[in-house]
Amino acid sequence: RTQAEMAHTCRGTINLSTAHIDTEDSCNIVLSNGGRTYHLKANSEVERQRWVTALELAKAKAIRMRNNQSDDSGDEEPASQSDKSELHGTLKTLSSKLEDLSTCNDLIAKHGAALQRSLSELENLKLPAESGEKIKAVNERATLFRITSNAMINACRDFLDLAETHSRKWQRALQYEREQRIRLEETIEQLAKQHNSLERACRGAPGLSSSSTGITSTAKGSVQSAKGEASDEDEETEYFDAMEDAPAFITVTADPKHHRRSGSNLSGASEGHPEDWNLEDSVFESSNQSSYNESTCKDLLPKKRRRTRIPDKPNYSLNLWSIMKNCIGKELSKIPMPVNFNEPLSMLQRLTEDLEYHELLDKAVKCESSTEQMCFVAAFSVSSYSTTVHRTAKPFNPLLGETYELDRLEEFGFRSLCEQVSHHPPAAAHHVYSKRGWTLWQEITIASKFRGKYLSIMPLGAIHLEFHSSGNHYVWRKVTSTVHNIIVGKLWIDQSGEIEIVNHKSKDKCQLKFTPYSYFSRDVPRKVTGVVSDADGKAHYVMSGTWDEKMECSKIVHSSHGSTSTEGKQKTVYQTLSPKVLWKKYPLPENAENMYFFSDLALTLNEPEERVAPTDSRLRPDQRLMESGRWDEANVEKQRLEEKQRAVRRRREAEAVEALEEGKDYEGYIPLWFERKVDAVTGELICVYKGGYWEAKDKQDWSTCPDIF
């Protein structure tokens with residue numbers, strides 16, 4: 001082969017210069033080179049011998065070519081220039097030293113010959129016998145010295161030849177390892193692409209959700225698990241982590257007509273009256289008709305015209321790893337982040353977004369049954385996550401004392417106020433009053449950890465909801481949000497954990513489970529399931545759906561104990577009526593992908609409004625600059641605001657030290673519109689609204705507001 005051919009080898013080739021050629025029998029030839037072995041078969045022994053002779057000649061020629069060519073020859077062509085330069089530099093140095101030794105050898109030989117001539121001349125002189133013997137001994141030693149120096153030079157020359165020979169072998173070994181590394185990288189990249197393709201195919205495959213859309217089966221007269229009937233497939237998947245999260249109960253859809261005829265014969269842990277489910281004046285029926293097109297109903301009400309779009313998000317590139325590599329294990333709120341990772345909303349505004357489906361609470365007010373009301377409260381608790389499915393950007397951390405108001409009293413009957421009441425740890429207090437019969441309040445502290453591959457966001461604190469007419473007081477807590485593929489791949493968000501909603505007046509409970517995403521699970525992605533039960537533990541409703549699309553409610557007419565699961569737990573079988581849709585997500589506005597995937601409500605949250613407090617998030621300059629697409633200016637402004645806040649904190653710390661030295665008490669930062677009290681229900685110390693904000697707004701008296709911007 002020519003050098004060009006050797007430089008572009010393909011599958012099925014072998015390097016003859018290092019190959020072993022053997023014969024197995026009269027017709028077979030074996031070529032081996034490292035891990036590769038090729039078996040060739042000739043038609044006859046004569047043909048085999050001709051091939052062996054030709055291969056041996058080709059091998060000898062390849063060896064000569066390898067020895068005569070430079071180190072950057074064909075098969076070593078991909079070696080890096082830096083490695084070649086270093087190797088050539090080493091050989092050049094050795095050659096230079098060898099030349100120096102050769103020069104020294106010539107000088108030694110020259111001076112040694114002169115010394116021997118001088119000694120010979122001394123021997124020819126007539127000297128005493130004793131002197132002649134000494135001169136002869138010196139002459140012999142000079143001869144030995146010259147022989148030794150010649151041997152040293154020859155050994156150095158042999159060493160250089162050996163180094164040149166082995167350097168080629170080392171370079172070939174290095175090139176082989178480099179090629180193996182490239183193949184491995186290509187294989188890993190291909191596997192990653194296949195993995196992503198499989199994930200997309202798995203998520204989009206209609207067969208994964210056709211058998212069951214939650215926990216309710218559409219088949220009548222049969223009992224099916226949400227995981228499917230027991231089969232060989234289940235035995236195969238029992239090793240996967242998804243099997244650990246198998247549902248604790250099974251549901252089947254009952255026939256209402258059948259239960260009207262034989263309802264008196266039902267027995268079990270819990271029973272219901274199916275005819276109640278289809279009353280025309282039922283709140284569930286009205287929710288079915290209105291939840292699909294609530295926005296249309298809203299348009300019928302007189303309201304202020306709000307904006308429907310914001311400037312498109314600029315396409316700025318950013319090296320994420322250069323920023324994130326020093327942040328592993330740190331609290332997210334303490335990491336200085338550029339606005340490139342943000343969306344033009346503050347955490348206070350994101351908290352207010354929980355009210356997007358406030359009409360669920362308006363419907364819950366009309367419920368006469370507390371368990372029925374619990375279903376709407378559960379749907380509302382799930383609906384707050386629907387906006388997060390595409391929202392992978394981080395909201396702005398509010399400054400201490402920052403506020404946000406959302407006054408929709410005339411349009412939707414509620415007004416909301418948030419205030420950042422603590423900076424480290426970051427905590428926000430939220431209060432919502434609705435003239436339609438409910439009040440909601442909460443204090444949320446965000447704990448977050450960056451773990452390299454993913455980011456965990458853990459909201460701490462309870463959410464309180466009270467209905468004015470009934471006095472029903474509901475309390476629940478949020479689940480953990482996880483942002484995946486922080487470093488490599490497309491960002492995506494998952495919600496996981498459990499929510500327990502408790503009515504502290506009637507002791508009704510609802511247990512909701514957010515199933516985490518699993519590659520091996522056959523469940524619907526983002527699945528949420530739950531059961532509503534009364535104070536006695538009697539189950540009344542089954543909740544099912546997904547946190548990014550809709551929630552349904554099924555009335556239980558009969559419950560019984562089913563078979564034991566593979567984990568040894570006994571499952572409960574619920575017979576239910578057909579499910580009713582309580583909540584369905586509104587479609588995103590047009591061009592949402594270029595507007596941070598904001599919903600219709602989110603697009604209006606940062607819209608400038610008059611008469612708001614000077615601490616309102618709408619007036620925050622860095623956030624406003626980012627929304628306008630001026631990100632560089634926004635980063636500068638963000639650093640200024642954060643440094644201003646640090647200066648205030650240092651001054652407050654100095655005041656605390658001074659008060660301590662003087663033996664005085666120091667209260668620290670005191671929230672402006674909220675005050676800390678011990679909650680009578682949970683026993684926790686939380687910030688509750690103390691009043692005064694809306695009165696100050698009416699008077700436009702903001703004299704007590706701090707200067708934070």
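This is a predicted model: local features need pLDDT of at least 70, side-chain atom pairs count only at pLDDT 80 or more; totals for chains, interfaces and linings use all residues.
Residues are numbered from 1 along each chain as its sequence is written, and side-chain values use heavy atoms, with hydrogens and water left out.

The UniProt record, an unreviewed entry, lists residues 174–201 as "coiled-coil region". UniProt positions follow the numbering used here, feature names are shortened, and annotations may be inferred rather than shown by experiment. In the model, residues 174–201 are 100% helix and 0% strand. The C-alpha atoms at the ends of this stretch are 40 Å apart. Helices (H or I, at least four residues) and strands (E, at least two) are DSSP runs, numbered from the N terminus.

An open sheet has three strands in the order S1-S2-S3, with antiparallel pairing. Strands pair if DSSP finds at least two bridges between them. Strands S1 (20–23) and S3 (36–41) stand at the edges. Each has a single partner strand, so one side of each is left without a neighbour in the sheet. Neighbouring strands are turned by 20 degrees against each other on average, direction ignored. The axes are lines fitted to C-alpha atoms, for helices over the stretch in contact, and angles run from 0 to 180 degrees between N-to-C directions. S1 and strand S2 (residues 28–33) run antiparallel and are joined by four bridges. Threonine 23 stands opposite isoleucine 29 in S2.

Aromatic pairs were counted next. Rings of Phe, Tyr and Trp (its six-membered ring) pair if their centres lie within 6.5 Å; planes under 30 degrees apart count as stacked, over 60 as edge-to-face and the rest as tilted. The count comes to 11 aromatic pairs. Tyrosine 357 and tryptophan 583 form an edge-to-face pair, at 5.5 Å centre to centre and 80 degrees between the planes. This pair links distant parts of the chain, 226 residues apart. Tyrosine 357 lies in the loop between helix H11 (347–352) and helix H12 (359–365), and tryptophan 583 in strand S22 (residues 580–584). Tyrosine 357 is buried, with a relative accessible area of 2%; tryptophan 583 is buried at 1% relative accessibility. Buried means under 20% relative accessible area, exposed over 50%, and partly exposed in between (1.4 Å probe, protein chains only).

Tryptophan 673 and tryptophan 702 also form an edge-to-face pair, with 6.4 Å centre to centre and 90 degrees between the planes. Tryptophan 673 lies in the loop between helix H17 (631–661) and strand S23 (674–678), and tryptophan 702 in the segment after helix H18 (693–699), so the pair ties together parts that are 29 residues apart in sequence. Both tryptophan 673 and tryptophan 702 are buried. Ring pairs link Trp673, Tyr693, Trp694 and Trp702 into a cluster.

The charged end of arginine 415 sits over the ring of tryptophan 694, 4.2 Å from its centre. The charged end of lysine 478 sits over the ring of tyrosine 385, 5.3 Å from its centre. The criterion is NZ of Lys or CZ of Arg within 6 Å of the ring centre and within 35 degrees of the ring normal.

The structure holds zero disulfides (pairs of cysteine sulfur atoms within 2.5 Å). Cysteine 27 is buried at 18% relative accessibility, and cysteine 705 is buried at 13%. Threonine 445, in strand S11 (residues 438–450), is buried at 18% relative accessibility. Its C-alpha atom is 10.0 Å from that of glutamine 420, 25 residues apart along the chain.
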